[in-house]
Amino acid sequence: MINVEKFVRPASVDAAVALLQETGSVVLAGGTGLSLSKDPNARTVVDLSDLHDLRRLEVTGERVRLGALVTMTQLRHAKELPLSLVAAARSIGSTPLRNVITVGGELARGVYWNDLPVLLLALDAVVEVTSAAGVERVPVAAFLADHPKRALAGGKLVTAVEFSPGFLPMNAYIKYARTEVDYAICDVACGLRVEGGVIREARVALGAIVPLARRVPEAEQALLGQPATPETFGMAAKAAVGAVEPRPDFRVSREYQRQLIEALVRRALESAAGPA
Amino acid sequence: MIPIQMEINGQTIEMEVAPDLSLLDLLRAVGVDSVKKGCGEGDCGACGVLLDGVYVKSCLILAAQASGRRVETVESLGNVEHPHPLQTAFVEAGAVQCGFCIPSMLLAARSVIEAHPEPTVEQIKEGLDGNLCRCTGYVKQIEAVQTAARVMKEEDHE
């Protein structure tokens, strides 16, 4: 914020993305990330406070749509959302932070401690990205794969996230941290669709223990077509350990991180599948 | 400089601020010094205020971002002559030691009781989870919130 000269509060998404075309424009949603930023290139703050439509959380039939300015507190108290999503929102920060942290901010920021994207990967969510050229719908895995900054380059704005709760109806989220309000050491989320006892769709995602939230295809492959049993979940958990290079973390050793991945992936899958 | 206006405890102010000025630093600059600057980066919770009725950490809110909105601090709760039931309960429970975290914690507690008129211990813990208190160990504060909730409910019935 050291070189910021202008502070603007657009009245519409169109006006916001027009402002974002200017070099040096930065987006202000909840503000927990931006307010302490020392980015010398930030010249214009585009404050989204007046874009009230983006605060809407809509559940229509088979589709859930979370506006980009929906807060973690809204998710935490929503009645009609998957419990894993409520749990992920509850695990983020503390009450006064959850009151301002937004869905869009959790996605756009692209730092390892963003918890929500991990769960959105497991729900196979799609990110709605709006720019002056129009609206794109980007699978969250692709949105994160390069880095959100690249996905949003050229003045693009996250305007919503959507998913179909029925696609991966068995899902779970686990955050492992030293205290309730600390940054995660490891986040795990998974989503399953099981038909006749056989796993037909699977998502396994990790966060915090990797530089940026990502899916683990090796673990997903170990699940597909297999019976939904503890043995299968154990195999998938082992596959996850072999597939991921943990991020250096001064709080925990590499050996511990590997054991964490295995234990938490297994627990998340067992939790998603429910009591045998 | 950015022109802003906001309502602070019922009084409207208008001024020009630097784009990186936090709401916390603005409040202290205009003399609202019940709002404390502990860490300045969103960890300690000593700077909590109600922004349009929502409990937030004012060190992470930009003053310009709060323009056009309503800010309430502990001064809006009560004073020595006319304390709020929460303030009375905190004093009587022994929930205040050094007092640095208390103005913000009282606002967090008020939000808890607004959302849950008969809060459970879990609901109180969640509502106060943004506030570090290095003196008390939180037990007495949880008791105080429960006591205040009971008193407020009785006052409502009178």
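**Asking how we know: pockets, cores and buried residues**

Q: Which residues lie nearest the centre of the second largest pocket, and how many line it?
A: In this predicted model, the pocket has a lining of 40 residues, and A:T71, A:T73, A:N99, B:V54 and B:Y55 lie nearest its centre. Elements giving two or more residues to that lining are α2 (72-77) and α4 (95-98) of chain A, along with β4 (54-57), α3 (102-115) and α4 (121-127) of chain B. The space in the pocket comes to about 900 Å³.

Q: What makes up the lining of the second largest pocket, in nonpolar, polar and charged residues?
A: The lining divides into 18 polar, 13 nonpolar and nine charged residues.

Q: Why is A:S131 called buried?
A: Buried means under 20% relative accessible area. A:S131 has 12%, so it is buried. This serine sits in strand β6 (residues 126-131) of chain A, where it touches A:V17, A:G155 and A:K156, leaving aside residues up to four places away in sequence.

Q: Why is A:M235 called exposed?
A: The word exposed is kept for values over 50%. The relative accessible area of A:M235 is 57%, so this methionine counts as exposed. You can find A:M235 in helix α10 (residues 230-243) of chain A. Its C-alpha atom is separated by 11 Å from that of A:A263, 28 residues apart along the chain.

Q: What makes helix α3 (residues 83-90) of chain A "mostly covered"?
A: Six of its eight residues are buried, namely A:S84, A:L85, A:V86, A:A88, A:A89 and A:R90. Each of these therefore has a relative accessible area under 20%.

Q: Which residues touch the most other members of the largest nonpolar core?
A: They are A:L75, A:V103, A:L116, A:F143, B:M6 and B:L23, out of 83 residues in that core. Helix α6 (residues 116-122) of chain A gives the most to this core, with six residues. Another core, of 29 residues, lies apart from it and includes A:I185, A:F233, A:V252 and A:L260.

Q: What does B:L23 touch?
A: Not counting residues up to four places away in sequence, B:L23 touches B:M6, B:V49, B:S58, B:I61, B:L62, B:A63, B:A66 and B:V71. To count as a contact, heavy atoms must lie within 4.5 Å.

Q: How is chain A divided, and how far apart are the centres of domain 1 and domain 3?
A: Chain A has domain 1 (6-47), domain 2 (55-163) and domain 3 (170-273). The C-alpha centres of domain 1 and domain 3 of chain A lie 35 Å apart.

How values were computed: Residues are numbered from 1 along each chain as its sequence is written. Chains are lettered from A and ligands numbered from 1 in the order in which they are written. This is a predicted model: local features need pLDDT of at least 70, side-chain atom pairs count only at pLDDT 80 or more; totals for chains, interfaces and linings use all residues. Side-chain values use heavy atoms; hydrogens and water are left out. Domain bounds come from an automatic or database domain assignment. On a 1 Å grid over the protein atoms alone, a cavity is a set of points where a 1.4 Å probe fits but cannot get out, and a pocket is an open set with protein on both sides within 12 Å along at least five of seven lines; lining residues have an atom within 4 Å of a point. Grid points are joined across faces, edges and corners, and a volume is the space filled by probe spheres set on the points. Helices (H or I, at least four residues) and strands (E, at least two) are DSSP runs, numbered from the N terminus. Ala, Val, Leu, Ile, Met, Phe, Trp, Tyr, Cys and Pro count as nonpolar, Asp, Glu, Lys and Arg as charged, and the others, Gly among them, as polar. A nonpolar core is a set of buried Ala, Val, Leu, Ile, Met, Phe, Trp, Tyr and Cys residues joined through side-chain atoms within 4.5 Å. Buried means under 20% relative accessible area, exposed over 50%, partly exposed in between (1.4 Å probe, protein chains only).
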